[in-house]
Amino acid sequence: MKSTDPFPPLSTAAAVELSGVVKVYREGESERVVLRDVDLTVTPGEIVVLLGRSGSGKSTLLNLISGIDLPNSGVVRVEGVDVAALSDTERTRFRRRRIGFIFQFFNLIPTLTVEENLRLPLELNGIDGAMGRRHAVDVLTAVGLGDRVASFPDRLSGGEQQRVAVARALVHDPALVLADEPTGNLDAESARQVLGLLANLARGAGRTVIAASHSEEVAALADRVLTLADGRLVPSR
Amino acid sequence: MLWRSSARHLAAHPWQVGLSILGIALGVAVVVAVDLANESARRAFTGFAETLAGRATHRIVGGPSGVPEELYAGLRRAGIRGMAPVVERDVSLTGRGGRTFHLFGVDPFAEAPFRTLVTSDATTAVPLDTLLTRPGAALLAEATAARLGLRRGDTFSILVGARRQRVELAGVLTPSDTLSARSIESLLVTDIATAQELTGAVGRLSHVDLIVPRGAQGEALLDRVRAALPAAAEIVPASSSARALEELSRGFSVNLTALSLLALFVGVFLIYNTMSFSVIQRRPLIGALRALGVTRGEMWLVIMTEALVLGALATAVGLPAGIVLGGGLLRLVTRTINDLYVVVAVTELVVPPTTLLAGAALGIGGTLVAALAPALESTRSTPRAALGRSTLETRTRAAVPRLAWCGVGLLIAGALVLALPGRSLAVSYGGLFTILLGAALLTPAATVAAVWALQPLAGAAFGVLGRMATRGVVAALSRTAVVMAALMIAVAASVGVGVMIDSFRASVVRWLESALQADVYVSSPSLVTSRAEATLDPGLVARVREAPGVAAVGTQRTVRVQSPSVTIQLIVLAVAPRGYRALTLKEGDTKTVWATFADGGGVLVSEPFAYHRRLRSGDRVRLRTDAGEHDFPIVGIVRDYGSSEGVVMMGRGTYERFWSDRSLSALGVYAADPGAVDALVDTLRGVAGSEQEVLIRSNRALREASLEVFDRTFAVTTVLRLLSMVVAFVGVLSALMAQTLERAREIGVLRALGLTPLQVWKLTTSQTGLMGLVAGVLALPVGSVLALVLIFVINRRSFGWTLELELTPAIFVQALALAVGAAVLAAVYPAWRMSTSELPSALREE
């Protein structure tokens, strides 16, 4: 792995810290307030699940944490870094180094093999060649797909694709994993497998996970469950 | 609801729809423009010829110096009526841009049955006595006189051959309708005696027009006239000269039309691309609609109606654009016709409804034909299959070998069609387009092979992103194949036409190098470059021969003679000893040919002449001499690019035995000191003086002037070549935009994974650049085949010339740069949009 890190973690910092975050979308003439004055602190290694109805703002919250979107007001800090204060390119570099993503629809790159899908984030972080290949295969083996490295995503079942997505989210050793409805498109059995993997791999490495979901099964993995309703975060347990 | 969904889909993709309309519109515009330009030039020419011929059915024509005036007088004395003498010649105004006019001298008293130019209807304002009695009195069309700022009584100068003459505007011609107005706008009408004086042909007539009634009475009249004719004269149908010239420029028109069809061919490909894309994009929607119970027929109707709307809109834009473009092309076409065939003023674009209807049929029909396959594809899918994108790509990849075999079949079929004996240009172009279609069908297979070969390289150089860029081309083959085929065809056309022009030019350059052996050329200015028939003053010829620094003089006389009932060009040469190198023999016995040619009665014919008349060395060509018709043996066929109609060459000695004409059109002067050519040019200019307009040019200057004419001739071809590229570029832009925008979600994921906007930009442009590169590389062999067909089949069948293939590396490099450049350029906007798009919305895209 690269020895120089442009975004060294602050040992005392929370993994994620949101304070007074407001997000408003304009829809024609009207405005829709999605997040109202949201405060949240997630400690390193914690697994947090966000529950809420469709359209309640779960994905928006994840986008704000990853720097994909910016708040209208308030501050979002990830490992002590004020995400909004970074330029677009800096945010992209921060995301590629620090954050792993898992999407509801897997979003694997169809033109890359399973192994290459994992090597993409590694290469973006400067790890390529034999070392990257070995690491990718190791992680794929860890998710039970060591025999599918050369397959293209369209040859895999939904559950397998999401396991590749989990592997891709973790392969570059990010401090924070964001999962948006990770089991939303899977059958019950595949969902269980994926969640088991995510919990084991994340907890084993002490990673922070924030997952948005409808699923009580996902919530069962969490150290803390929060519910988004009317743009505000309320603790569920 | 179905229609509403369709309309909203189109409205939601304004750029894609707009660019598709633009692509089709440009294709339609090019075809319409070429047709209008050709048709306007043709109508102007025929209108002009008909105005001059009037109601004449026949004409009496003579040799190089025309018909003796006494013949006309004798026929009249013999009681033959229904005749009108004519003296005509192309002249140009001195000053006022050197505008050309057709000097037309007539006998006002004999004119009434033939033309209305100088009869009471048209010339109420013309006092005939002025026209008949005032020296240099002439009439111009009212509009022309107004444009030139001339009033009755004003005098102006004209150049008749090498001589400058004064003319007085005696009155104006006021035509009764616009058609007549167009036909007479470049006429300069005089009394016959005035025309004879102006042209220096006193006692001679250009021809005598006849009105011969049909039936036995007419035949009897013709027999009577024939019996009175001298050996040098004959009777020909009045329409024959117009027909002959129309026939001559037919090859030129057909080739222009074919080039415009090439632009449409690319356009239709792009329409197919657009419609396929539109269907592919909506596969999930179509699947859903089919699942909801929409029938195949209803789905087909929706897609075809969309195509109809697009085609109609594009045609509505293309037709007026074609009219505007046609105006521009008309100037280029007219210039070429004037350079090569005949001086005719074409100032007005004629817009026949048939051309517009044909353009509309091509635009709408082409769109519907191109949409047929995608529409059928949309209806063939089962509701479930229509939902899956991978199903389509799998099916497309599975079809690649089948398409490739079809392509190979078409290539063979095209080659067989071209190998068929015969001279039909339509069949030749049919073969050519079949080959192009075959090459287009081979594009997907070639793309798969190229990507397979390039992938390791791209991977080694750019890692996973490099592999993504290469694989993306094949992964979306259903989208990329058509756009690459279209780009390949456009670039191949550019290579083919480019190599053909280069080969033609190189052949002409080599021919000029050998044909122009003399150091300095002296000639009269000619209005039609390929028909230098004006004569030099005999005094000047003598002075040039005796001028200091002159070692030898070769002479040339260019005349038009009858080769039974058809006028042909005869070049009479007195070749200086060094001058024989100027003639490159293609056929004939080199040991005997020159002696037979110089004085032994044999003639040489140029390649086009031999080709058009299917003549070989040893055959005979019949010419009407002053002593009657005579068969001259062809002793050789020579290379000559000076005239597409072809020429007969004859030694001066032979000519003087059969014709009484002793004039000369040009001199080739050999310098005593080849190092002092410039000084010799100055000396000869001094010798020529200023009384006669004479062109005195060094070998190099004449070569440059000849190549200038060549380049002018191909200007219109170059314009069409560029237009084809513009059509292709618009298509590529439209396809790449649609394709890139369709990948919004994938790009969003890549951005979420940490790709910077710059990396996204590089990824997108490198992928399209790769598509351009593959299309460009494929275009090189296809373009070369196209060039071979154009050079060795089409050109030969159009004109009979043998051209040497000239492969200039620059053309191939340019083609590659063009293909890659167009593809990368077309990706700039979509790539920029992708790299700067709102990430959250990109991730939400489905």
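This report describes selected features of chains A and B, from strands and sheets to a helix, domains and an interface.

The model is predicted: local features need pLDDT of at least 70, side-chain atom pairs count only at pLDDT 80 or more, and totals for chains, interfaces and linings use all residues. Residues are numbered from 1 along each chain as its sequence is written, while chains are lettered from A and ligands numbered from 1 in the order in which they are written.

Helices (H or I, at least four residues) and strands (E, at least two) are DSSP runs, numbered from the N terminus. Strands of a sheet pair through backbone hydrogen bonds, either parallel or antiparallel. Here two strands are taken to pair if DSSP finds at least two bridges between them. In chain A, an open sheet is formed by four strands in the order 2-1-4-5, with antiparallel pairing. Its edges are strand 2 and strand 5 (81-82) of chain A, each of which has a single partner strand, so one side of each is left without a neighbour in the sheet. Strand 1 (residues 16-27) and strand 4 (residues 73-78) of chain A run antiparallel and are joined by five bridges. Opposite Leu18(A) stands Val76(A), in strand 4 of chain A.

A residue is buried if 20 or more other C-beta atoms lie within 10 Å of its own, exposed if 12 or fewer, and partly exposed in between, with C-beta atoms placed from the backbone. By this criterion strand 8 (residues 208-213) of chain A is mostly covered, as six of its six residues are buried. Thr208(A), Ile210(A) and Ala212(A) point one way from strand 8 of chain A, whereas Val209(A), Ala211(A) and Ser213(A) point the other way.

**Chain A: positive phi values**

Most residues other than glycine have a negative phi. Asp37(A), which is not a glycine, has a positive phi of about 55°. This residue is placed in strand 2 (residues 30-42) of chain A. Asp37(A) counts as partly exposed because it has 15 C-beta neighbours inside 10 Å. Glu181(A) also has a positive phi, near 50°. Glu181(A) is situated in the loop between strand 7 (176-180) and helix 6 (188-205) of chain A. With 21 C-beta neighbours inside 10 Å, Glu181(A) counts as buried.

**Chain B: overall organisation**

Chain B contains 28 helices and 21 strands. Of its 846 residues, 52% are buried. Two residues are in contact if their C-beta atoms, placed from the backbone, lie within 7 Å. Among the contacts in chain B with a separation of 6 or more, 84% involve residues 24 or more positions apart.

Domain bounds come from an automatic or database domain assignment. For chain B this assignment gives domain 1 (1-54 + 241-387), domain 2 (59-237), domain 3 (443-515 + 702-846) and domain 4 (525-693). Between domain 2 and domain 3 of chain B, the C-alpha centres lie 56 Å apart.

Val17(B) belongs to helix 2 (residues 14-53) of chain B. Val17(B) is buried, as 20 other C-beta atoms lie within 10 Å. From Val17(B) to Gly579(B) the separation is 562 residues in sequence and 64 Å in space, C-alpha to C-alpha.

**Chain B: helix 22**

The expected span of a helix is 1.5 Å times one less than its number of residues. For the 12 residues of helix 22 (residues 677-688) of chain B this gives 16 Å, which agrees with the 16 Å between its end C-alpha atoms. Leu680(B), Val681(B), Thr683(B), Leu684(B) and Ala688(B) are buried in helix 22 of chain B. Viewed down the helix axis, the buried residues of helix 22 of chain B fall within an arc of 165°, so they line one face of the helix; the arc is that of the directions from the helix axis to the C-beta atoms. Their cover includes strand 12 (520-523), helix 18 (538-546), strand 20 (666-671) and strand 21 (695-698) of chain B. Just after helix 22 of chain B, Gly689(B) has a positive phi of about 65°.

**The interface between the chains**

In this model, 18 residues of chain B are in contact with 22 residues of chain A. On the chain B side, the elements giving two or more residues are helix 16 (425-475), helix 25 (744-753) and helix 28 (839-844) of chain B. Helix 16 of chain B provides the largest share, seven residues. By class, the side of chain B that touches chain A has 10 nonpolar, five polar and three charged residues. In this classification Ala, Val, Leu, Ile, Met, Phe, Trp, Tyr, Cys and Pro count as nonpolar, Asp, Glu, Lys and Arg as charged, and the others, Gly among them, as polar.
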